[in-house]
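Hello,

Here is the structure for you to look over. My notes follow below it.

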Amino acid sequence: MKNNNEKEVSRRNMWSGILFGIGLIAFIDETVFHQLLRWHHFYDKSTTDIGLISDGIFHAFSWFATIAGLFLFADLRRRNGLIFQRWLGGVLLGIGVFQLYDGIIQHKWMRIHQIRYVDNVIVYDIVWNVGALIILLIGIFLLFRTSKNSTLKEKNANE
């Protein structure tokens with residue numbers, strides 16, 4: 001069984017990646033879809049001014065998550081505890097979970113905005129959610145593999 005310090009380092013790698021992944025994809029979503037393409041705002045059920053305010057709050061959230069993830073990343077590097085593949089798995093998990101949450105909960109269930117306001121939005125929904133699911137599964141695979149490899153290394157060392 002892993003000792004508590006190894007578990008903590010492994011957990012911190014994962015959470016650093018998750019926070020960074022959520023912040024990164026939220027930043028990309030807000031920058032590309034909200035500002036550059038102007039397809040929607042975070043909250044589209046009110047005026048344009050309210051939509052812009054909601055975008056600002058969303059943007060601040062993305063930066064707080066990104067910075068928190070990077071502080072954890074820097075601490076892991078400083079302590080020689082970075083497990084890059086595990087961290088990357090966390091990043092992809094964060095991206096996939098955020099994007100799937102956005103596509104299913106915010107777009108379809110809560111209807112606070114759509115990806116794009118067009119007649120055939122289902123094409124956008126499918127691409128968005130299938131992309132999210134693929135990224136999520138790759139992240140889970142990397143996290144599982146790094147967890148399994150740590151356990152196998154420990155078993156081999158004890159034999």
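Asp 29 is found in helix 1 (helices are DSSP runs of H or I, at least four residues, numbered from the N terminus). Asp 29 is buried yet has no salt bridge. Buried means under 20% relative accessible area, exposed over 50%, with a 1.4 Å probe and protein chains only. A salt bridge needs a side-chain nitrogen of Lys or Arg within 4 Å of a carboxyl oxygen of Asp or Glu. Leaving out residues up to four places away in sequence, Asp 29 touches His 34, His 40, Phe 58, Phe 98, Asp 102 and Trp 128 (heavy atoms within 4.5 Å).

This is a predicted model: local features need pLDDT of at least 70, side-chain atom pairs count only at pLDDT 80 or more, and totals for chains, interfaces and linings use all residues. Residues are numbered from 1 along each chain as its sequence is written, and side-chain values use heavy atoms, without hydrogens and water.

Phe 58 is one of the buried residues of helix 2, which also include Gly 51, Ser 62 and Asp 75. The buried residues of helix 2 pack against helix 1 (4-36) and helix 3 (84-109). Just after helix 2, Asn 80 takes a positive phi of about 55°.

Now helix 4. Val 127 is found there, within residues 121-158. Val 127 counts as exposed because its relative accessibility is 59%.

Regards

Terms used
Helix = DSSP H or I, 4+ residues; strand = E, 2+ residues; numbered from the N terminus. Lys, Arg positive; Asp, Glu negative; His and termini not counted.
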